[in-house]
Amino acid sequence: MSKNIGTKDRLIRLSIAIFLFIFAWWQSSWIALLFALFTLYEAMASWCVFYQLIGKNSCPINHKDSDP
């Protein structure tokens with residue numbers, strides 16, 4: 001499982017996770033809590049299953065690994 005989420009995407013997902021945690025607490029929603037936990041996991045692990053499926057990668061390129 002390689003990282004495929006860049007810093008900007010991680011911050012956006014972290015913001016969404018915080019919003020979903022607040023919403024889950026306010027509405028007493030287990031479903032919203034599950035989505036919040038999953039979104040938080042994606043932000044912390046820098047990995048998105050949907051990005052993996054479509055082949056997208058928003059991580060910056062590591063130039064050390066790409067040198068010939």
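Predicted model: local features only at pLDDT ≥ 70, side-chain atom pairs only at ≥ 80, totals over all residues.
Visitor: How many residues does α2 have, and what span does it reach?

Guide: A helix can be checked by setting its span beside the expected value of 1.5 Å a residue. Here α2 has 16 residues, and the distance from its first C-alpha to its last is 22 Å, close to the 22 Å expected.

Visitor: Which residues of α2 are buried?

Guide: A residue counts as buried when its relative accessible area is under 20%. In α2 the buried residues are Ala32, Ala36, Thr39, Glu42 and Ala43. Viewed down the helix axis, they fall within an arc of 125°, so they line one face of α2. These buried residues pack against α1 (7-27) and α3 (49-54).

Visitor: Which exposed residues does the face turned away from the buried side carry?

Guide: That face of α2 carries Trp30, Leu34 and Met44.

Visitor: Why does Glu42 count as buried?

Guide: One compares its relative accessibility with the cut-off of 20%. Glu42, which lies in α2 (residues 30-45), counts as buried because its relative accessibility is 7%.

Visitor: Which residues does Glu42 touch, leaving out those up to four places away in sequence?

Guide: With those neighbours left out, Glu42 touches Ile5, Arg13, Trp47, Cys48 and Val49.

Notes: Residues numbered from 1 in each chain as written. Heavy atoms only, no water. Helix = DSSP H or I, 4+ residues; strand = E, 2+ residues; numbered from the N terminus. Buried < 20%, exposed > 50% of the residue type's maximum accessible area, 1.4 Å probe, protein only. Contact = heavy atoms within 4.5 Å. Expected span 1.5 Å × (residues − 1). Arc of directions from axis to C-beta.
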